[in-house]
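Please walk through this protein chain with me, looking at how its parts meet.

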Amino acid sequence: MLDPGRELKFAVKAAKEAGKILLNGLEQKLQIEYKGVIDLVTDIDRESQGCILTILKEEFPNHKFIAEEGADLDLLNSEKVWLIDPLDGTTNYAHGYRCFCISIAYSEGGILKAGVIYDPCADELYSAEKDKGAYLNGRKLNVSRTDELNRSLLITGFPYDIRESQVNNLGLFNHIIMKAQAVRRDGSAALDLAYLAAGRFDGFWELKLHPWDIAAGAIIVEEAGGTVTNFSGGRMGLDAFEVLATNGRIHDALLSEISSVPRDKW
Ligand code: IPD
Ligand code: CA
Ligand code: CA
């Protein structure tokens, strides 16, 4: 692995410190608040966020920060901006289901420059820097080589407004599950993308995600040789409504399946 840049170095430090908080919190009684009917936040989300922001703000006092708990999305177009999910997979976390992570990305001039995803339970740290490849605990990552949808293991997720909105991914899920080898739903979009970069999944799609859910995963997948677009095959903006990420080989096939489902039936 090449010498990491300063941003990556401190993103790793922040993610590892936050990881300790998440592991400790698993042993405690959590304080849970509801942001929506099924959308919860715990005291540990906030503690993890505080820890990450303290480390990064001290090192980069002139940068902007968008962190999930109290995010200011107007900062998205800032020249130097960090996108932070202090606990991705909060529902899993609150149930003690050990599938969650910390996701931290750095973007400069609208281009993702560095990303870190840390799974503290497995002690797996995924990282990437622009044009320098993606790594898992220092070992170079490559996406899978599966080239048939029929043989592909896919992963997806469902938005928190699944009960209120018709556009809730159930239409796409029903369609795509019949075309793939299998489809999983694990509850942490960032970790889903990290697994894709590691070749454990062949493709991922989801609707209504936020920049902090996908930014680190997007650069890690691309640097591992994968493809990340919107559902039309165009560039995925960080404020993406739709994200399709694959090993590249099944991208067109998945785009074509998505396009066969009318948008109002997604
Ligand atoms: C959620 C997870 C989940 C995805 C949701 C996200 P959170 O993030 O990534 O997999 O389906 O849409 O909001 O709330 O656990 O940080
Ligand atoms: Ca999230
Ligand atoms: Ca979160």
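How much area is buried between domain 1 and domain 2, and what share of it do carbon and sulfur atoms give? The area buried between them is about 2700 Å², where buried area means the accessible area (1.4 Å probe) that two parts lose on being put together, summed over both, and carbon and sulfur atoms give 66% of it.

This is a predicted model, in which local features need pLDDT of at least 70 and side-chain atom pairs count only at pLDDT 80 or more, while totals for chains, interfaces and linings use all residues. Residues are numbered from 1 along each chain as its sequence is written, chains are lettered from A and ligands numbered from 1 in the order in which they are written, and side-chain values use heavy atoms, with hydrogens and water left out.

The domain assignment, which is automatic or taken from a database, gives domain 1 (6–140) and domain 2 (149–265). Contact, meaning heavy atoms within 4.5 Å, takes in 42 residues from domain 1 and 28 residues from domain 2.

Between the two domains there is one salt bridge, a term for a side-chain nitrogen of Lys or Arg within 4 Å of a carboxyl oxygen of Asp or Glu. Glu-124 forms a salt bridge with Arg-200, and their closest N and O atoms are 3.0 Å apart.

On the side of domain 1 that touches domain 2, strand E6 (111–119) is one of the elements that supply at least two residues, and E6 gives the most, with seven residues; strands (E, at least two residues) are DSSP runs, numbered from the N terminus.

How values were computed:
Helices (H or I, at least four residues) and strands (E, at least two) are DSSP runs, numbered from the N terminus.
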